[in-house]
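Me: I have a new model open and would like to learn how to read it. Could you take me through some features one at a time?

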Amino acid sequence: MRLDAATERFMRHRPMLRRLAYRMLGEPGQADDMVQEAWLRWHGADLAAIANDQAWLVTTLSRLCLDRLRELKRERERYVGPWLPEPSDEADSAADPAQVLARGSDIGMALLLLLEQLSPEERVAFLMQQVFEHDYRHIAAVLGKREAACRQLVSRARKQLAAGQGVRETDGAVRAYLLAAFVGALASGDISALLATLAPDVVLISDGGGHVSAASKPVYGQRAVSRLLHGLARLQAATAQVEMRIVNGEPALVGLRDGLVYFVMAFDIGTSGLRRILTLNNPFRLQRLQAAA
């Protein structure tokens, strides 16, 4: 069925709009809602008066996401236990995790979690400028601020993210070795080998949302994290499977039980070992991954 001209104009930009919305909100469902709302605004606009479709749509979507971010900040403060970003269902062209080990991802779960520390205005300004390369005049129009103020927002966001990320291990071979050693140590139950893969300041964050058993607070330090992981590994059912997959553009462990995804474990790897381990096992926030299981 042939689309009408207005729909064709919108659909030309829809993939980019969804990528932007997901990075701003950290949840695919929320991103879809905002893109749908942008479509409704587009459908009701005087399209003949719009000189630049992409600029109009990005401006409209960014303002919608900014308002929604402010609401989500309050909602996530009431969330049961730690909140983690929900994995994206964006396809990755690389089937082999080794191909992406040395590549940074702008939707890695660790990065999206750091973005949560920013104010809504800082997050929108940072993503528009650093990831989508919009100029400050456009960002100022979206936020209703002066260009100088937007530059300050981006500068603060960049510094805050840099402080949170620390020194990331960029050697793909080292990262592959650490992940393989981590998986092997978990499978064998070798606590000493597991400790050797963890950074001294490692933190493990679990998101069960109050629906399944999960640590109610972040767990810090090699000893505490290794004990928790060792205990969880021993409790795994014999029928459970753990696979290495690409999730949000980076290698992650995906747990399967009776053909269904029951956890996703993502990593932030520093020069001293696994620095952040993010485990999402809230079943209601894993539903989009079930189709790929």
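Me: Let's start with strand pairing. Which residue in β5 is the bridge partner of Leu253?
Reply: Strands of a sheet pair through backbone hydrogen bonds, either parallel or antiparallel. Here, in this predicted model, Leu253 has Met265 of β5 as its bridge partner. Two strands count as paired if DSSP finds at least two bridges between them, and β4 and β5 have five, in the antiparallel sense. As for the names, helices (H or I, at least four residues) and strands (E, at least two) are DSSP runs, numbered from the N terminus.

Me: How are the residues numbered, and what do the values rest on?
Reply: Residues are numbered from 1 along each chain as its sequence is written. This being a predicted model, local features need pLDDT of at least 70 and side-chain atom pairs count only at pLDDT 80 or more, while totals for chains, interfaces and linings use all residues; side-chain values use heavy atoms, with hydrogens and water left out.

Me: Back to the strands. What is the order of the strands in the sheet?
Reply: The sheet is open and has six strands, in the order β2-β1-β6-β5-β4-β3, with mixed pairing. β2 (219-220) and β3 are at the edges with a single partner strand each, so one side of each has no neighbour in the sheet. β3 pairs with β4 in the antiparallel sense over seven bridges, and Met244 has Leu253 in β4 as its bridge partner. On β5's other pairing, seven bridges join β5 to β6 (residues 273-280), again antiparallel. There, Ile269 is bridged to Leu274 of β6, and a hairpin links β5 to β6 through two residues.

Me: Is β5 mostly covered or mostly open?
Reply: Mostly covered: ten of its eleven residues are buried. Buried means under 20% relative accessible area, exposed over 50%, and partly exposed in between (1.4 Å probe, protein chains only).

Me: What lies across the strands?
Reply: Helix α11 (residues 222-235) lies across β1 (198-207), β2, β5 and β6, and runs at about 50° to β1. Axes are lines fitted to C-alpha atoms, for helices over the stretch in contact (heavy atoms within 4.5 Å), and angles run from 0 to 180 degrees between N-to-C directions.

Me: How do I read an aromatic pair?
Reply: A pair of aromatic rings is described by the distance of the centres and the angle of the planes. Rings of Phe, Tyr and Trp (its six-membered ring) pair if their centres lie within 6.5 Å; planes under 30 degrees apart count as stacked, over 60 as edge-to-face and the rest as tilted. The whole structure has four such pairs. One of them, Phe182 with Phe267, is edge-to-face, at 5.3 Å centre to centre and 75° between the planes. Phe182 belongs to helix α9 (residues 172-188) and Phe267 to strand β5, so the pair ties together parts 85 residues apart in sequence. Both are buried.

Me: Which residues touch the most other members of the largest nonpolar core?
Reply: A nonpolar core is a set of buried Ala, Val, Leu, Ile, Met, Phe, Trp, Tyr and Cys residues joined through side-chain atoms within 4.5 Å. The largest has 45 residues, and Leu17, Met24, Leu61, Val124 and Leu143 touch the most other members. α4 gives the most to this core, with eight residues. A second, separate core of 20 residues includes Leu178, Leu204, Ile269 and Leu274.

Me: Where does pLDDT stay under 50?
Reply: Where pLDDT is low, the predicted coordinates should not be read in detail. pLDDT is the predictor's confidence in each residue, from 0 to 100, and it stays under 50 over residues 93-102. The protein chain averages 89, with 92% of the residues scoring at least 70.
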